There are 2 protein chains.
Amino acid sequence: MTDQAVTVKALSPTPRSTVRRGKDRAQTDRAALHAVLDAGLICHLAFVADGAPVVIPTGYGRDGDTLYVHGSTGAAHLRALAAGAPVCVNVTLLDGVVYSRAVFHLSVNYRSATIHGQTKALNDRDEKLAALRVITDHLAPGTWDYARDPSRQELAKTAVLALDLTEAAVKIRTGPPIEDPEDLVPELNGTRWAGVLPVHRSWGSPVACPELPSDVDVPEHITGRPV
Amino acid sequence: MTDQAVTVKALSPTPRSTVRRGKDRAQTDRAALHAVLDAGLICHLAFVADGAPVVIPTGYGRDGDTLYVHGSTGAAHLRALAAGAPVCVNVTLLDGVVYSRAVFHLSVNYRSATIHGQTKALNDRDEKLAALRVITDHLAPGTWDYARDPSRQELAKTAVLALDLTEAAVKIRTGPPIEDPEDLVPELNGTRWAGVLPVHRSWGSPVACPELPSDVDVPEHITGRPV
């Protein structure tokens, strides 16, 4: 997903978050990072286990310049991450398939944020609860106040990790294909459609749990959830 | 994204692709792996650079039990991967947000495939072209035959990597929330909606490249592209 039309926002000066390709458009805009993270639903979290990379999809939430993830205290990888192993997190939203007149310039429009760092386990009860609220209301806004609070036992079974957003980069591609000038001749340009097929994400109709009494209405934070 | 309702298909006997959590539902079904990979649009590719994990989003394609990815030969990570560094690839499709009566049981419905292995660079021209066709027609079916073929120079600038699907696992969660029996009492179950808010992916209306002559129709492989 490297393309000349990509806007790159390198948000920190470290080598691994300094974008080398397409850096002519590099900017320093933390708001763009926040916007991508807030628009995503799940992230991809990578770590190293026994010398090899592992990547898992997981929920997350953002508060200021901290990203939170959580999981079962029984999961081996969470114990390693709680001990401060290095991680890389990516959130990507696919916005369209970019059809070009040439196979070589087929591309996608997207927003992508990458964060490098080390996670820190939260052990304080209030800190854990605050972070879980952030994670919960990211995946399902309104749920924290609506659903039953976590019990002491549930809280004990949940590991919560914080990742600082300092070392991060954002890449955004928008717009039509970037073509070679020689591909804009009539023989090709006059016969081959080129442009963008947008990708949309939408919510379907809520499906009630079979055990739910029929007189319980779907609450507004679900029926009115913005796309 | 660990949940009791998750269906786990461990497709190989190695420790890292043997799912430890939710393994009561483990199956050995390669068709499920293929279906998830075929339904996704982009993958997340993880590798290790200077001892730390890196994860990037990228296009891909599948042919039989081989996954193909590609990129610029100028990208540093592709040179490392071409030399056989270990990788992990994940493709996840988010199918719904699972609202529970309890914050603790908030979940998501999803299909997720994870592959561990080492990529192999393709150097033979015919092998590269065949793999690029697979990648191209995965992201944009019909494009390989419709658009201009890669030139010799473009092919030389493109690194193509193959990853064997042998060491892989699939996790699939469907259905309503899994609740604690004590949460199904009238005080909670009679007042708190629970169920699934489906997530859908759809195509928008094609947006023509500004330089395209107005008499070039959108071809059927784009207008009729299945969701």
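Mentor: Let us begin with a strand pairing. Strand β11 (residues 195–203) of chain A and strand β11 (residues 195–203) of chain B pair in the antiparallel sense over 5 bridges; two strands count as paired if DSSP finds at least two bridges between them. Helices (H or I, at least four residues) and strands (E, at least two) are DSSP runs, numbered from the N terminus. Within this pairing, Val199(A) stands opposite Trp203(B) of β11(B).

This is a predicted model, in which local features need pLDDT of at least 70, side-chain atom pairs count only at pLDDT 80 or more, and totals for chains, interfaces and linings use all residues. Residues are numbered from 1 along each chain as its sequence is written, while chains are lettered from A and ligands numbered from 1 in the order in which they are written.

Across the whole interface, 85 residues of chain A are in contact with 84 residues of chain B, contact meaning that the C-beta atoms of two residues, placed from the backbone, lie within 7 Å. Strand β11(A) gives the most to the side of chain A that touches chain B, with 9 residues. By class, that side has 53 nonpolar, 20 polar and 12 charged residues. Here Ala, Val, Leu, Ile, Met, Phe, Trp, Tyr, Cys and Pro count as nonpolar, Asp, Glu, Lys and Arg as charged, and the others, Gly among them, as polar.

The symmetry comes next. A rotation of 180 degrees with 0.0 Å of shift along its axis superposes chain A on chain B, with an RMSD of 0.0 Å; this is the relation of a two-fold axis. The superposition is by least squares on the C-alpha atoms of residues with pLDDT of at least 70 in both copies. The same surface serves both copies, as 99% of the contact residues of chain A recur in chain B. Of the residues of chain A, Arg201(A) comes closest to the rotation axis, its C-alpha lying at 2.4 Å.

In the largest nonpolar core, which has 82 residues, Ala46(A) and Ala46(B) touch the most other members. Such a core is a set of buried Ala, Val, Leu, Ile, Met, Phe, Trp, Tyr and Cys residues joined through C-beta atoms within 7 Å. A residue is buried if 20 or more other C-beta atoms lie within 10 Å of its own, exposed if 12 or fewer, and partly exposed in between, with C-beta atoms placed from the backbone. Leaving aside neighbours within four places in sequence, the contacts of Ala46(B) include Ala46(A), Pro53(A), Val54(A) and Val55(A) from chain A, and Val87(B) and Cys88(B) from chain B.

Elsewhere in chain B, strand β7 (residues 107–118) is mostly covered, with 11 of its 12 residues buried. Strand β6 (residues 86–99) of chain B pairs with β7(B) in the antiparallel sense over 12 bridges, and Val91(B) stands opposite Ala113(B) there. Strand β10 (residues 168–173) of chain B also pairs with β7(B) in the antiparallel sense, over 6 bridges; in β10(B), Ala168(B) is the bridge partner of Ile115(B).

As for chain A as a whole, there are 7 helices and 12 strands, and buried residues make up 41% of its 227 residues.
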